[in-house]
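Dear colleague,

Please find below the structure that I am handing over to you. My notes on its side-chain contacts and its surface follow directly after it.

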Amino acid sequence: RKEKISIVLDSFEGLKIPNEALVEVEKEVDGKPVKKIGVYVLYGQLVRFREVNALLYEDEYIVAENGSSSSGQVTLNDMIITKGRDLYDGKIIA
């Protein structure tokens, strides 16, 4: 018998996020503009920006750390918006 095998050298635990959902926004920190990578999530009818702390980059997705919503990071229960136009933090979706 012949079997195909794969050897796993590293393992990552986190959130699998498609690359098309990632956005880069400019935020002000201490009066200076800083670029942040994250995703837009749907919170009720409101669009919110959540930062992403990437652990692994692949061609079609990233694996991100499961953060906390109080710190502004993406969490397991967030509904990530993968497609959309003219999205921004605070936009109301009807």
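How many aromatic pairs does a search of the whole structure find? The search finds 1 aromatic pair, where rings of Phe, Tyr and Trp (its six-membered ring) pair if their centres lie within 6.5 Å, and planes under 30 degrees apart count as stacked, over 60 as edge-to-face and the rest as tilted. Tyr40 and Phe49 form this edge-to-face pair, with 5.9 Å from centre to centre and 70° between the planes. Both Tyr40 and Phe49 are buried (under 20% relative accessible area; exposed is over 50%, and partly exposed lies in between, with a 1.4 Å probe and protein chains only).

Please note that this is a predicted model, in which local features need pLDDT of at least 70 and side-chain atom pairs count only at pLDDT 80 or more, while totals for chains, interfaces and linings use all residues. Residues are numbered from 1 along each chain as its sequence is written, and side-chain values use heavy atoms, with hydrogens and water left out.

A further ring contact involves Tyr61: Lys16 lies over its face, 4.5 Å from the ring centre (the criterion is NZ of Lys or CZ of Arg within 6 Å of the ring centre and within 35 degrees of the ring normal).

The structure also holds 3 salt bridges, each defined as a side-chain nitrogen of Lys or Arg within 4 Å of a carboxyl oxygen of Asp or Glu. In one of them, Lys27 meets Asp89 at 4.0 Å, N to O. This pair links distant parts of the chain, with Lys27 in strand S2 (residues 22-29) and Asp89 in the segment after strand S7 (79-80), 62 residues apart; strands (E, at least two residues) are DSSP runs numbered from the N terminus. Asp89 also meets Arg48, at 3.5 Å, N to O. Here Arg48 lies in strand S4, 41 residues from Asp89. Through shared partners, salt bridges join Lys27, Arg48 and Asp89 into one network.

Glu51 and Lys36 form another salt bridge, at 3.9 Å, N to O. Glu51 lies in strand S4 (residues 46-51) and Lys36 in strand S3 (residues 32-43), so the pair ties together parts that are 15 residues apart in sequence. Glu51 is partly exposed at 29% relative accessibility, as is Lys36 at 22%.

Finally, Leu9 is in the segment before strand S1 (15-18) and is exposed, with 77% relative accessibility.

With kind regards

How values were computed. Helix = DSSP H or I, 4+ residues; strand = E, 2+ residues; numbered from the N terminus.
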